[in-house]
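This briefing is intended for a reader meeting the structure for the first time. Please look over the sequence and the model before reading the notes.

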Amino acid sequence: MIDFDGTVTFAMSVADRARSAAWYERHLGFTKAFDAEATGWTEMNTPIAGVTMGFGDAMQTDAGNAMPVFGVRSLEAARTTLEAGGVTFTSDTVEHPGMVRLATFADPDGNLLMLAENLAA
């Protein structure tokens, strides 16, 4: 089994992270958790425990590009479990040292999903 950590982030590519953060704050009451300029990422807390919204400016910017990112305690263990079950990942694991480790895969219909291990905790 995969050891999920109880968090989900919905990641979206946006044209302007500051504009998007302001919109979600004004209209939905989200609050900024952090802004990582070096990686082009802004993360917002939602009113739902364990659920955040992330805005990236380095990915695809077409509408409808939201991707759920499931937090796991060990990305290596989760990836090994999924690969053993026949799941194919779309790329190698990406690590932002001291921040996060990420791996992307697709469901049978081609919808992208991501696993993330928090390295900052």
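The notes below cover the sheet, the helices packed on it and the salt bridges.

This is a predicted model, in which local features need pLDDT of at least 70 and side-chain atom pairs count only at pLDDT 80 or more, while totals for chains, interfaces and linings use all residues. Residues are numbered from 1 along each chain as its sequence is written, and side-chain values use heavy atoms, with hydrogens and water left out. Helices (H or I, at least four residues) and strands (E, at least two) are DSSP runs, numbered from the N terminus.

**The sheet**

- Eight strands form an open sheet with mixed pairing, in the order β2-β3-β4-β1-β5-β8-β7-β6; two strands count as paired if DSSP finds at least two bridges between them.
- The edges are held by β2 (31–36) and β6 (94–96); each has a single partner strand, so one side of each is left without a neighbour in the sheet.
- On average, neighbouring strands are turned by 25° against each other, direction ignored; axes are lines fitted to C-alpha atoms, for helices over the stretch in contact, and angles run from 0 to 180 degrees between N-to-C directions.
- Strands of a sheet pair through backbone hydrogen bonds, either parallel or antiparallel.
- Strand β1 (residues 4–13) runs parallel to its partner β4 (residues 51–56), and 6 bridges link the two.
- Within that pair, phenylalanine 10 faces methionine 53 of β4, and valine 8 has valine 51 as its bridge partner.
- The pairing of β1 with β5 is antiparallel and comprises 5 bridges; here threonine 9 stands opposite valine 69 of β5.

**Helices on the sheet**

- Helix α1 (residues 17–28) packs on the sheet and touches β1, β2, β3 (41–45) and β4, its direction making about 150° with that of β4; contact means heavy atoms within 4.5 Å.
- Helix α2 (residues 75–84) also packs on the sheet, where it touches β5 (67–72), β7 (100–106) and β8 (112–118), and its direction makes about 150° with that of β8.

**Salt bridges**

- The structure holds 7 salt bridges, each being a side-chain nitrogen of Lys or Arg within 4 Å of a carboxyl oxygen of Asp or Glu.
- One of them joins arginine 73 to aspartate 3, with the closest N and O atoms 3.3 Å apart.
- Arginine 73 belongs to the loop between β5 and α2 and aspartate 3 to the segment before β1, so the pair ties together parts that are 70 residues apart in sequence.
- Another links glutamate 37 and arginine 17 at 3.2 Å between the closest N and O atoms; glutamate 37 lies in the loop between β2 and β3 and arginine 17 in helix α1, so parts 20 residues apart in sequence are tied together.
- Arginine 17 also meets aspartate 57 in a salt bridge (3.1 Å, N to O); aspartate 57 lies in the loop between β4 and β5, so this pair with helix α1 ties together parts that are 40 residues apart in sequence.
- Through shared partners, Arg17, Asp35, Glu37 and Asp57 are joined into one network of salt bridges.
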